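Student: I would like to go through this structure term by term. Please set each value against its definition before concluding anything.

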Amino acid sequence: MGVYEGVVVGLDNGGTANNATVLDAAGNFLVDRLVEVPSRVLEGPDVAVEALVESLELVLKLTGIPRDLVRGVGLDTPGPASANGVISSKGATNFNQPAWRGYDFRTALESRLAIPVVYNNDGNAAALYAHFAQFGDTAAEHSSVAAIVGTGLGGGVIEAGRIVKGAAGQGGELGHIQISMDGLLGDEQPMPRCNCGLYGDVESVASLTGIVNNLLPHWLARYPDHELHGADSVAKAAKLVRGYGERRDPLGLRIFEQQAIALGRLFTIAANFTDPSAYFVGGGVVEAAPEFRDWFLATVRANTSLRAEQEEVAIFSLVPDLDMAGARGAAVAARETLLT
């Protein structure tokens with residue numbers, strides 16, 4: 001393996017599993033599939049750090065890369081956390097034990113491995129990977145914005161090939177940007193409320209939580225004979241909505257149309273704020289049937305207001321390799337910091 005001048009390892013830390021990848025100095029990923037081990041975050045920080053070490057050792061074994069060629073590690077975790085990987089003083093969904101509050105995750109892993117660790121939150125990491133996958137060697141010449149629809153709305157802003165983190169690490173928190181609901185909401189549809197307390201932000205519509213709390217209750221009331229009334233709970237019904245959308249079910253389409261409109265209005269703000277080269281959409285819709293995801297992306301684009309000059313150059317695309325995007329983006333960030 002002496003052909004490699006050095007590599008970085010990308011570690012994507014999740015609520016149930018860690019995924020790992022290896023990136024060489026030339027920008028080649030040496031792993032083309034998920035390499036997972038249990039993340040064990042619910043067992044506390046010490047156990048979780050050891051699980052990440054196990055993840056690193058496993059991916060090195062699979063690729064045949066010796067440990068002494070690893071120049072650093074890219075780590076991503078869900079937020080909220082600081083720009084340097086300190087978990088919020090209030091904890092987080094995946095980090096709900098008292099020991100996690102204010103825990104310096106990046107430094108702990110760096111001390112354990114005795115090699116540099118570069119930190120990003122998972123949305124920023126996925127956004128960075130989408131950017132580099134799209135632009136390759138010209139990534140530094142472009143900017144992009146990515147919105148990733150999951151339990152909440154994550155994503156990131158990339159400027160000149162670099163993640164915009166912000167002073168407190170809250171850059172790219174796209175879900176909590178408030179948008180106009182005029183023409184988006186149906187007749188007598190209540191103003192959607194986000195778990196953060198805001199009304200009418202993007203996450204209150206474009207997220208699984210938004211479907212559960214705001215969209216599905218409204219639309220079920222307008223379709224009293226719909227099959228989803230038979231689900232055990234609204235939360236369980238919400239997880240089935242995408243399948244109905246793929247089958248062109250009217251209720252499912254109305255919900256996803258509202259989400260696409262919300263993302264289009266978010267991208268309109270981005271167009272007037274940073275004028276990015278590309279707009280990426282990620283989340284469960286990426287894993288949907290091709291016809292449905294093409295319709296969804298086209299609806300996002302149709303609801304993004306661009307000037308004629310922007311229309312000529314703007315790229316709209318899906319985040320590729322979504323299940324590996326976090327680890328790959330974390331690796332890209334480490335390579336850009338440590339190997340270039």
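Student: Which residue of β5 is the bridge partner of G74?
Tutor: In β5 that partner is V118. The model is predicted, so local features need pLDDT of at least 70 and side-chain atom pairs count only at pLDDT 80 or more, while totals for chains, interfaces and linings use all residues. Residues are numbered from 1 along each chain as its sequence is written, and side-chain values use heavy atoms, with hydrogens and water left out.

Student: What makes β4 and β5 paired strands?
Tutor: Two strands pair if DSSP finds at least two bridges between them. Strand β4 (residues 70-77) is joined to β5 by five bridges, and the two run parallel. Strands here are DSSP runs of E with at least two residues, helices are runs of H or I with at least four, and both are numbered from the N terminus.

Student: What is the order of the strands in the sheet that holds β4 and β5?
Tutor: The order is β3-β2-β1-β4-β5, an open sheet of five strands with mixed pairing. β3 (36-38) and β5 (117-121) each have a single partner strand, so they stand at the edges and one side of each lacks a neighbour in the sheet. From one strand to the next, the twist averages 25 degrees.

Student: Which helices lie across β1, β4 and β5?
Tutor: α3 lies across β1 (7-13), β4 and β5, at about 100 degrees to β5. Helix α10 (residues 322-338) lies across β1, β2 (17-24), β4 and β5, and runs at about 45 degrees to β2. Such angles run from 0 to 180 degrees between N-to-C directions, and axes are lines fitted to C-alpha atoms, for helices over the stretch in contact.

Student: Why is α3 called roughly perpendicular to α10?
Tutor: Their axes cross at roughly 75 degrees and come within 7 Å. Angles of 65 to 115 degrees count as roughly perpendicular, under 35 as roughly parallel, over 145 as roughly antiparallel and the rest as oblique. α3 is therefore roughly perpendicular to α10. The contact (heavy atoms within 4.5 Å) involves residues including Y129 and F132 of α3 and R328 and E336 of α10.

Student: How do the residues of that contact divide by class?
Tutor: The contact of α3 with α10 has nine nonpolar, two polar and two charged residues. Ala, Val, Leu, Ile, Met, Phe, Trp, Tyr, Cys and Pro count as nonpolar, Asp, Glu, Lys and Arg as charged, and the others, Gly among them, as polar.

Student: Why is α7 called oblique to α8?
Tutor: The axes of α7 and helix α8 (residues 290-302) cross at roughly 40 degrees and come within 7 Å. That angle makes α7 oblique to α8. Among the contact residues are F256 and F267 of α7 and W295 and F296 of α8. By class, the contact of α7 with α8 has nine nonpolar, three polar and one charged residues.

Student: What is the handedness of the crossing of α7 and α8?
Tutor: The crossing of α7 and α8 is right-handed. A crossing is right-handed if the near helix is turned clockwise from the far one by less than a right angle, and left-handed if anticlockwise.

Student: Why are α4 and α7 oblique to each other?
Tutor: Helix α4 (residues 208-222) and helix α7 (residues 250-273) pack at about 140 degrees, with axes 10 Å apart. α4 and α7 are therefore oblique. The contact includes W219 of α4 and R254 of α7.
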